[in-house]
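Reader: I would like to go through the charged pairs and hear the criterion behind each label. Please start with the terms.

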Amino acid sequence: MSVRARVVVVGSGFGGLNAALRLARLPVEVTVIDRDNYHGFWPLLYQVATAGLGSDDIAHPIRSIYGRFPNIAVRLGTVTGVDLDAKAVVIGEERMHYDYLVLAAGSSASDFGIEGVAEHAFPLKTIPDALRLRNHILSTFEAADSDRSDGTPGTLTTVLIGGGPTGVELAGALAELIERNLAGDFRHLDVSEARVVLVELSDHLLPGFSEHSQQAALETLRRKGVDVRLETRLTRVGERGVDLEGGERMDASTVVWTAGVRANPLAGSIPVERGRGGTLAVEADLSLPGHPEVFVIGDLASGSGPGGEPLPQVAQVAIQGGKHVARNIARRHAGKRTRPFHYHNHGSMATIGRRAAVADLPGGFVLSGTVGWMAWLTVHLWFLVGFRNRIVVFVNWAWNYLTWDRATRVILAQGGDARRFPPTG
């Protein structure tokens, strides 16, 4: 590699981070572009939303991560388009040229066209989303305590739409927050009226998990008092509740949408074939068809497994994809053929609360209960970026385990309470 190629990495999530760190070992000039100045550990967003962790516990400044690599530059901004012919990305009025491009912009919430979701439901895709949701939940209890004569139906009811890992984990954590913390905080409020309802369209929770794990999650949530509605279709979200298929109306002050995602709106600016959820079709080596210098990874890519099945939109796919495209860029720049991407499934995990989790591991091993929970804790601590973050999260989890206390039950002033579903572009 006698010429130092210019590599632009769009996004610093799991995929972009791992691509950039691998590229840092090569004689190339790397520019990482992200709208935020931090890398967020999104699997723990639900703990921020339910006061288990603070927002900075699951975030690490990207300049701190990349600062020790002289060939990596960081640019704060939002990429709004890609000019494939000119080999340039568009950031506002500026165009940044590249020799190689890694698109790792991730996904955003999708309302599937259901009336009222974008206006009245809370998404949970970013740290600001989690803080808005936490503020809203705590503020709802404060308002109910201030006016205990209100009696508006559904005031303390939260409806979660979607029974995937995020919905299941959020439901379990919220049930524990109400029972173990808010019941004590609001001693003069009848917190027994608070309800957590989880609505899922299919006949099971946790799609992609084993039947044993799906059943264990269902039984655990119901033991915690969560009202799980399987085979239930949402038809509309209103300001004060939801409408379900069959004419049932459910009053609720809080509706959380965890049911669907689609590719980042950036995908809409790239004129190539699309996959599910607006993802970009890619070649076997994760390059863009007709543009071998452009690679797409993570939730933005429409990749497939050995049997042709779509790859799951999980962190491990992005992590492995990021490392793979870095190796392929090195091979391509050296005049060698690139290699196809093969995803290695390391298993799936979901926690349903204190000492309750499910884990499907390679080889057919299935863990649940306390053992599954310990495995979940170990894996999530390992993948947190930053020594400080690991220590703080470990201390918070240990304190919560010993005392049931969630110390971040604070309402932080923010600029409004708007639900922010991005355009579908």
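Author: A salt bridge here is a side-chain nitrogen of Lys or Arg within 4 Å of a carboxyl oxygen of Asp or Glu. The model is predicted, so local features need pLDDT of at least 70 and side-chain atom pairs count only at pLDDT 80 or more, while totals for chains, interfaces and linings use all residues. Residues are numbered from 1 along each chain as its sequence is written, and side-chain values use heavy atoms, with hydrogens and water left out.

Reader: What makes D36 and R35 a salt bridge?

Author: Their N to O distance is 3.6 Å, and the limit is 4 Å, so the pair qualifies.

Reader: Why is R35 called exposed, and why is D36 called partly exposed?

Author: Buried means under 20% relative accessible area, exposed over 50%, and partly exposed in between (1.4 Å probe, protein chains only). R35 has 52%, so R35 counts as exposed. D36 has 23%, so D36 counts as partly exposed.

Reader: How do you know that R332 and D285 form a salt bridge?

Author: The closest N and O atoms of R332 and D285 are 3.5 Å apart, which is within the cut-off. The pair links distant parts of the chain, 47 residues apart.

Reader: Why is D285 called buried, and R332 partly exposed?

Author: D285 has a relative accessible area of 8%, so D285 is buried. R332 has 24%, and therefore counts as partly exposed.

Reader: How many salt bridges does the structure hold?

Author: The structure holds 17.

Technical notes. Helix = DSSP H or I, 4+ residues; strand = E, 2+ residues; numbered from the N terminus.
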